[in-house]
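Work through the exercises below with the structure open. Try each task before you read its solution.

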Amino acid sequence: MEKRHTISEFAALLKEYELISEMNIGSADGKMIEYISFSSADMRNNTLFVCKGKHFEEKYLADALERGATVYVSEKKYEAGGNAPYIIVNDMRRAMALIANLFYNDVWKKLNIIGITGTKGKSTTTYFMRYILDDFMKAEKKPNSAVISSIDTYDGVINEESHLTTPEAFMIHKHYNNAVESGIEYLTMEVSSQALKYHRVMGITFDVACFLNIGQDHISDVEHTDFDDYFNSKLKIFSQCRTAVVNLNADRADTILAEAKKGAEKVITFGLMPDADVFGYDIVTSDDGIAFKVRTPLFDEEFKIGIRGLFNVQNALAAVAMCVSLGVPQKYIRSGLLKARADGRMEIYTARKKDLSVIVDYAHNKMSMEALFESTQKEFPGKRISIVFGCPGNKAYGRRRELGEIAGRYSDAIYLTEEDPGEESVVDICNEIAKYVEKEHASYKIIPDRREAIREAIKNAGDNSVVLVTAKGRETRQKRGTEYIEVVSDVDMVQEFLRDE
């Protein structure tokens, strides 16, 4: 960390953006802030503590003050704050972004930041970029690139499984700072609609922002009120980027492209259409991946990815387009794409004793699930398809209908189970999905225990079959209630149960 800032400097910044409703910092105005946090368990001396979250309780503030908090920022005054200095704001989300940016001294400006948004494909595209940039940096004898994804996060200091696609502003800037202090030059991150709508990336300028696609998702009382809100939230990424990368094959591509041209200094298009700046063609699938040719203003060459799923060609094209915009040499694009693996994405396992394949994939919404089924049908023609899946609690309620209908149309057998139910009942969620499965006259079982659901699906699959296990991939946690509970990953369970088949 470089320069520290006083409480009065944070207050002045929030006042400049007209965010302060009330404050009383008294004689503490000149005190230096040494740390910022919204967790009372993560305190140091002279911490600026933010009171936030649906489950926030006053005791957390009392704990924070006991452990070193000097001032608190919240949307209301708390008795537990006693005589502690406080700043009351009218928009906590915007306030957090401003506080983080000031505390870390615009550290993001020292990185090349790549932001990727879209309804599906963000994680895979992020991993394509990670492998390409790591190969490039290795050749330059520099540290590997950083990544913030829905699968995991690596910033040179922190290397951990992720809970959110895009974390809160305090954590984002902490990751940026760790990356810079570790000598890292590139950081690739997934940027969710929630992050854009709720200002988690406010104030950041992406060197490259990529828009992969758009479909119905995240429509609920606690996420986006309707599709327009969801779509417009994602489009905000173009108002804070230098180069925009746009998929011409995306639904509403004309609108996306128009917004990109409005906001970015430069626009690069990609897709399976000849008029794209980065055009993919001559796609050939094999057991060990997919080969395809790419024509750009700089080259016309063949590339290969080592993962299955025809939909991944567009993700690879997105990575090629971003790398072209960043000036990454072609040889590292080729080598990185060939090596790239997104853990939990289209991982295929086979039984030793019978003709059975199991695909573990993070598909969890309408677009990704449809793409997974369509790709499975093309790559495993004539095989019986079973699926194990669920839906998360307290959000994206539309998925229950959409995934129920899609599974009902494509599957021969369906196993409904747990998928981060949170504070909802697993059985209630499964029963709601089942209503839509029944409309498609499909066979299903509700098995709340995910381990047993996967075991049953593999045991009952038979020869000439494919089992899809979706949404959790290599994740080792389930959200139950308000906590994340350690569990065995889908990949590990599949490998265990296949030993007996």
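**Exercise 1.** In what order do the five strands of the open sheet lie?

Solution. This is a predicted model, where local features need pLDDT of at least 70, side-chain atom pairs count only at pLDDT 80 or more, and totals for chains, interfaces and linings use all residues. Residues are numbered from 1 along each chain as its sequence is written, and side-chain values use heavy atoms, with hydrogens and water left out.

Step 1: find the strands. Helices (H or I, at least four residues) and strands (E, at least two) are DSSP runs, numbered from the N terminus.
Step 2: read the order. It is 2-7-6-5-4, with mixed pairing. Two strands pair if DSSP finds at least two bridges between them.
Step 3: find the edges. Strand 2 (20-24) and strand 4 each pair on one side only.
Step 4: From one strand to the next it averages 15 degrees. Axes here are lines fitted to C-alpha atoms, for helices over the stretch in contact (heavy atoms within 4.5 Å). Angles run from 0 to 180 degrees between N-to-C directions.

**Exercise 2.** Describe how strand 2 and strand 7 pair.

Solution. Strand 7 covers residues 86-89. Its pairing with strand 2 is antiparallel, over four bridges. Ile20 is found opposite Val89 of strand 7.

**Exercise 3.** Which strands does helix 3 lie across?

Solution. Helix 3 (residues 92-103) lies across strand 4, strand 5, strand 6 (69-74) and strand 7. Against strand 4, helix 3 runs at about 155 degrees.

**Exercise 4.** Classify the ring pair of Phe38 and Phe170.

Solution. Step 1: count the pairs. The structure holds 15 aromatic pairs. Rings of Phe, Tyr and Trp (its six-membered ring) pair if their centres lie within 6.5 Å; planes under 30 degrees apart are stacked, over 60 edge-to-face, the rest tilted.
Step 1: take the values. Phe38 and Phe170 are 6.0 Å apart centre to centre, with 40 degrees between the planes: a tilted pair.
Step 2: locate the partners. Phe38 is in the loop between strand 4 (35-37) and strand 5 (47-50), while Phe170 is in helix 5 (residues 169-181), 132 residues apart.
Step 3: check exposure. Buried means under 20% relative accessible area, exposed over 50%, partly exposed in between (1.4 Å probe, protein chains only). Phe38 has 27%, so Phe38 is partly exposed. Phe170 has 3%, so Phe170 is buried.

**Exercise 5.** Why is the pair of Phe211 and Phe238 stacked?

Solution. The centres lie 5.9 Å apart and the planes stand at 25 degrees, so the pair is stacked. Phe211 is buried at 0% relative accessibility. Phe238 is buried at 1%. Ring pairs link both into a cluster with Phe227, Tyr230 and Phe231.
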